[in-house]
Amino acid sequence: MTLPGFPVSRPRRLRNSPALRCLIAETQLNVSQLVLPLFARSGKKLRRPVAAMPGVFQLSPDEILREAAKAHALGVPAILLFGIPDKKDEKASGAYAKNGIVQQTVRLLKKELPSLLVITDVCLCEYMSHGHCGIVHGGKILNDPSLKLLARTAASHAEAGADVVAPSDMMDGRIRALRAELDNEGFFDTPIMSYAAKFASAFYGPFRDVAESAPSFGDRRSYQMDAANSNEAIREVALDIQEGADMVMVKPALAYLDIIRRVKQEFGLPTAAYAVSGEHAMIKAAAANGWIDERAVTLESLLAMRRAGADILITYAAMDVAKWLK
Ligand code: PBG
């Protein structure tokens, strides 16, 4: 494309009024794109705040229902549900227990708010005494034996009524294992949103306080991706799609906009960006100090994820954003 050049070309011409700017905006941020993460733990009327994440709580199922109803009323179409079990062990029993915390909460939500989309995070770390996302033996995180537990967990979520399951463990072959188990149990129509390009990120710090899922030894670098890699992200996503992922996710979001861009361009699948706990905490902390404008920075960050190619935005600020967009 060759432009005529100044003074014929004057890009400022199209910036002269709010209406004109709106008319030519290439990207829209809409409440229909938002997903709110929520953390369930057993109890009644429990709202336990988390130090590193202002505005985020561990909630008992009744409180999850209240929070979800509020979000839904604001137009947020979906929540992403995590569970914190009462007991952890070495086989993550709480993850796939028929009456586990996520299963109970899903049943309640689907009964009371049937039109709210309930996405469940499928992982083992919150349920394992060692905090890793798979079975540990001799200090190693075992891949193949972990698949069975992950698949059982996903099927138990679907059985409880989950609309979408979202595996976040990063074991190889988990999408195939989940799809097979879901189909085997008759849940052909339950979509999988795969945390396909999930990086081993320091931005997850605050989440691990909320979800009580910090690994007790080592780190997650043998299963989550190295922040240095972009081609590898494409291979990870390609494999997940081949194995049956219906939607894919890039995580974290703001520091990985290039990955979002490539994934969307390469595959064209519905693509989610997860604005993770550390991203949220940074905005909250700077705003609390009066250093940045919380609303403007949050909206600008999410718009940037949309511009990069994200269709779905998973954000702890979903309710605030819904209010701001009204
Ligand atoms: C569980 C999981 C994590 C997050 C989502 N699912 C933590 C981790 O991998 O350590 C992070 C979300 C956030 O930081 O907001 N595997």
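In the predicted model, Y96 lies in helix α3, which spans residues 93–96; helices (H or I, at least four residues) and strands (E, at least two) are DSSP runs numbered from the N terminus. The model is predicted, so local features need pLDDT of at least 70 and side-chain atom pairs count only at pLDDT 80 or more, whereas totals for chains, interfaces and linings use all residues. Residues are numbered from 1 along each chain as its sequence is written, and side-chain values use heavy atoms, with hydrogens and water left out.

Y96 counts as buried because its relative accessibility is 12%; buried means under 20% relative accessible area, exposed over 50%, and partly exposed in between (1.4 Å probe, protein chains only). Leaving aside residues up to four places away in sequence, Y96 touches K91, Q103, L149, R152, T153 and S156, where contact means heavy atoms within 4.5 Å. Y96 and L149 are separated by 53 residues in sequence, but their C-alpha atoms are 7.5 Å apart.

A92 is found in the loop between β4 (78–84) and α3. Its phi is near 55 degrees, a positive value in a residue other than glycine, and A92 counts as buried because its relative accessibility is 0%. K45, in the loop between β1 (34–41) and β2 (47–49), is also a residue other than glycine with a positive phi, near 50 degrees. K45 counts as exposed because its relative accessibility is 70%.

The ligand is surrounded by 18 residues, the closest being K198, R208, K251, S277 and Y316; a residue is near a molecule if one of its heavy atoms lies within 4 Å of it. The shell comprises ten nonpolar, three polar and five charged residues. In this division, Ala, Val, Leu, Ile, Met, Phe, Trp, Tyr, Cys and Pro count as nonpolar, Asp, Glu, Lys and Arg as charged, and the others, Gly among them, as polar. A polar side-chain atom of K198 lies 2.7 Å from a ligand oxygen atom, and a side-chain N or O atom of S277 is 2.7 Å from an oxygen atom of the ligand. For Q224, the distance from a side-chain N or O atom to an oxygen atom of the ligand is 2.8 Å. The protein covers 100% of the 400 Å² of accessible area that the ligand has on its own, as computed by the Shrake-Rupley method with a 1.4 Å probe. K251 is joined to P252 by a cis peptide bond with omega about -10 degrees, and P252 is placed in the loop between β10 and α9.

Helix α8 (residues 231–243) has 13 residues and reaches 19 Å from its first C-alpha to its last, close to the expected 18 Å; the expected span is 1.5 Å times one less than the number of residues. Its buried residues are A233, I234, E236, V237, D240 and E243, and their cover includes α6 (174–184), β9 (193–198), β10 (247–251) and α9 (257–267). G244, with a positive phi near 120 degrees, follows α8.

Helix α11 (residues 294–308) has 15 residues and reaches 21 Å between its first and last C-alpha, close to the 21 Å expected. The buried residues of α11 pack against α9, β11, α10 (277–288), β12 (312–315) and α12 (318–325). G309, with a positive phi near 130 degrees, follows α11. T271, in strand β11 (residues 271–275), touches residues including V248, V263 and G309.

Key
Polar contact = N/O pair within 3.5 Å; in protein donor to acceptor, adjacent residues only side chain to side chain.
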